[in-house]
Amino acid sequence: MVYMLTYGGGLVGGDAVDLSVTVQPGVKLVLLSQGTTKVFKTRLGRRLAAVSSHPPLESHQISVSTKQNITFRIARGSVLVLLPGPVTCFRDASYDQTQRFYVEHSGSVVALDWITSGRMSMGEEWLFSRYYSLNEILLDEIRLVKDVMLLSSGQLGKGIPDRTLKERLAPYSCYATLFLYGPHLRDVIAAITSRYALITVFKTREPTELIWSLSPIEPARHELEGQGVVVRVAGRTTEMVKDWLKEALSGLEAVVGRNYYKRAFP
Amino acid sequence: MVFLNPPHHTTALAFVSDAHAVVAQLDSDERVGETMKYLIELDDLYQSMTLNHVARRASTGQGVALLTLYSKGLSAPPSVTGWSTPSAEKERTERLSTLIDAFKLKIRLEATRGHLPVCWGILTAALGLSIERSQYLHLFLHARSLLSAAVRLNDIGPYASQQILLHVARPLVDAEVERCKSLRTGLVLKNEYNPMVDVTFDEEAMGPVSTWPLGEILASRHDLQHSRIFNS
């Protein structure tokens, strides 16, 4: 079990994290973070000297994005359980994340990628400027899944009323995407799939507290079907999503051991 | 209106543009094979990027229907007595028919899926539409389908739907085409016609993305509805 740490408890504009993780054959790795990944406001690309004396004549303020780029290699028969805390982007933050999972035959991967609306305690809700997240899973170089999400604020065009991120994502304040793939996860996938089949959607007056969907992973090649699922969850609070995930993934206890699993969702 | 503004899915247009470009470039019979290979690559990428299984199902159904429309209804008839077509044009349409029939066969053999944006790009290029018209029409038809669904759901009436299409959807489609017209998939056909290959492709700026996670969840849950009024 490994915790990923960030310096000073968060990432600031201009930070670029490049990480490579290799899981050797037969190894089971639980990869967690300490709490949420905080992304601070984008620093403006202005030199310090300009701040001290007089304001610059022209403000060449170039916003600098925060980037995180992680490559995972999951060898034969090994398991990667990636269950970090959610990403929290502060007001005006700009964040780009790319995660690529190279899975070898008979390897398995659990990958959770989730985001909260911001610092609710400060009244910040979906006020960051950009959140970009790319997750790609490849099995022996064949692409199984490529999921790219971009949440950004800004008007579409002149004369068109702006619909803010908050309006588009309400009433939920936490969104999660979960990928489950590989032979070690057969029972976990079966459990969550049968749970999904029990849902019947009726017309409702109020949106539910938590909503989720499940789709099977169907790569271009038909023979690779039936090995994984993609789950998406949205909840009114981060806590609700966390509790739901903890329960839905409890079958992982049998895969990585109870003591390790319980630390994923403290 | 919520579904129209902002459009929640900018994935498709990159595929329309790339499929259109490669089919529009097809200028000799020898290159039919390599064009096919590229189209299948595009189709595969679209399959792996469309994670919502309901959308995948609808997309392949409509894609194949478009190709059938071309080969049965829009391709040149075998012979119409007394009419002559310039031979270059005749060659072109025959080549396109060959390509489209071969692509349809691949779909039937389950060697590829035949997704709507890829098939739309193929169809519009085969009909000689410019890439700009193809992109615009694709988004316009998307907006029209959303409104037609709203009419079926009895949320709005048919007259209101027309008004919205003309006064709300139009500026939205204009703005969206403007924003997405240069999006590409990043897959490029590598041959002597395209010596500059993916050197300049910036995935984060030019790649296809989805922009509305709530929409993804809602759309994926379609099959769980107690009563359904849509076919796909």
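**Notebook: a predicted model, chains A and B**

I began with E89(B), which at 34% relative accessibility counts as partly exposed, since buried means under 20% and exposed means over 50%. I keep in mind throughout that this is a predicted model.

**Salt bridges**

I looked up the partner of E89(B) and found a salt bridge with R92(B), in which the closest N and O atoms are 3.6 Å apart. Both residues belong to helix α4 of chain B and stand 3 residues apart, about one turn of the helix. R92(B) is partly exposed as well, with a relative accessible area of 27%.

I then turned to helix α7 of chain B, residues 158-180, where R179(B) and E176(B) both lie, again 3 residues apart and about one turn of the helix. Their salt bridge has its closest N and O atoms 2.9 Å apart. Which of these two is buried, and which is partly exposed? I noted R179(B) as partly exposed, at 40% relative accessibility, whereas E176(B) counts as buried, at 3%.

A further pair in chain B is R31(B) with D27(B), whose side chains meet in a salt bridge at 3.1 Å, N to O. Here the arginine, R31(B), is buried because its relative accessibility is 7%, under the 20% limit, while D27(B) is partly exposed at 41%.

In chain A I recorded a network of salt bridges that links R100(A), E136(A) and R143(A). Over all chains the count of salt bridges comes to 24.

**Aromatic rings**

How many aromatic pairs are there over all chains? I noted a count of 11. One of them joins F72(A) and F101(A), and this pair is stacked, with 4.6 Å from centre to centre and 5° between the planes. F72(A) sits in strand β5 (residues 66-74) and F101(A) in strand β8 (residues 94-103), both of chain A, so the pair ties together parts that are 29 residues apart in sequence. Both F72(A) and F101(A) are buried.

I set beside this the rings of Y261(A) and F265(A), whose centres are 6.0 Å apart and whose planes stand at 70°, so this pair is edge-to-face. Y261(A) counts as buried at 5% relative accessibility, and F265(A) is buried with a relative accessible area of 2%.

I also wrote down one aromatic cluster, formed by Y95(A), W126(A), F128(A), Y131(A), Y172(A) and Y175(A). Two arginines lie over ring faces in chain A: R73(A) is over the face of Y102(A), at 4.7 Å from the ring centre, and R119(A) is over the face of F90(A), at 3.9 Å from the ring centre.

**Strand β6 of chain A**

I followed strand β6 (residues 79-82) of chain A and found both of its faces covered, with V79(A) and V81(A) on one side, L80(A) and L82(A) on the other, and all four buried.

Which strands does β6(A) pair with? Strand β3 (residues 28-33) of chain A is joined to β6(A) by 4 bridges, and the two run parallel. Strand β9 (residues 108-116) of chain A also pairs with β6(A) in the parallel sense, over 4 bridges. V81(A) takes part in both pairings, for it stands opposite V30(A) and has V110(A) as its bridge partner in β9(A).

**Backbone exceptions**

Most residues other than glycine have a negative phi, and most peptide bonds are trans. S106(A) has a positive phi, near 70°, and lies in the loop between β8 and β9 of chain A, where S106(A) is partly exposed with a relative accessible area of 29%. In chain B, E110(B) has a positive phi near 60°, and its place is the loop between α4 (87-108) and α5 (116-126).

**A surface patch**

Last, I looked at a nonpolar patch on the surface, formed by M1(A), Y3(A), L5(A) and Y260(A), with about 390 Å² of accessible area together. M1(A) lies in the segment before β1 (2-4) of chain A and is partly exposed, with a relative accessible area of 32%.

Methods. Residues are numbered from 1 along each chain as its sequence is written. Chains are lettered from A and ligands numbered from 1 in the order in which they are written. This is a predicted model: local features need pLDDT of at least 70, side-chain atom pairs count only at pLDDT 80 or more; totals for chains, interfaces and linings use all residues. Side-chain values use heavy atoms; hydrogens and water are left out. Patches are made of residues with over 30% relative accessible area and no salt bridge: like charges are joined within 9 Å, nonpolar side chains (Val, Leu, Ile, Met, Phe, Trp, Tyr) within 5 Å. Accessible areas come from the Shrake-Rupley method with a 1.4 Å probe; for residues, only the protein chains shown count as cover. A salt bridge is a side-chain nitrogen of Lys or Arg within 4 Å of a carboxyl oxygen of Asp or Glu. Buried means under 20% relative accessible area, exposed over 50%, partly exposed in between (1.4 Å probe, protein chains only). Rings of Phe, Tyr and Trp (its six-membered ring) pair if their centres lie within 6.5 Å; planes under 30 degrees apart count as stacked, over 60 as edge-to-face and the rest as tilted. A charge sits over a ring if NZ of Lys or CZ of Arg is within 6 Å of the ring centre and within 35 degrees of the ring normal. Two strands pair if DSSP finds at least two bridges between them.
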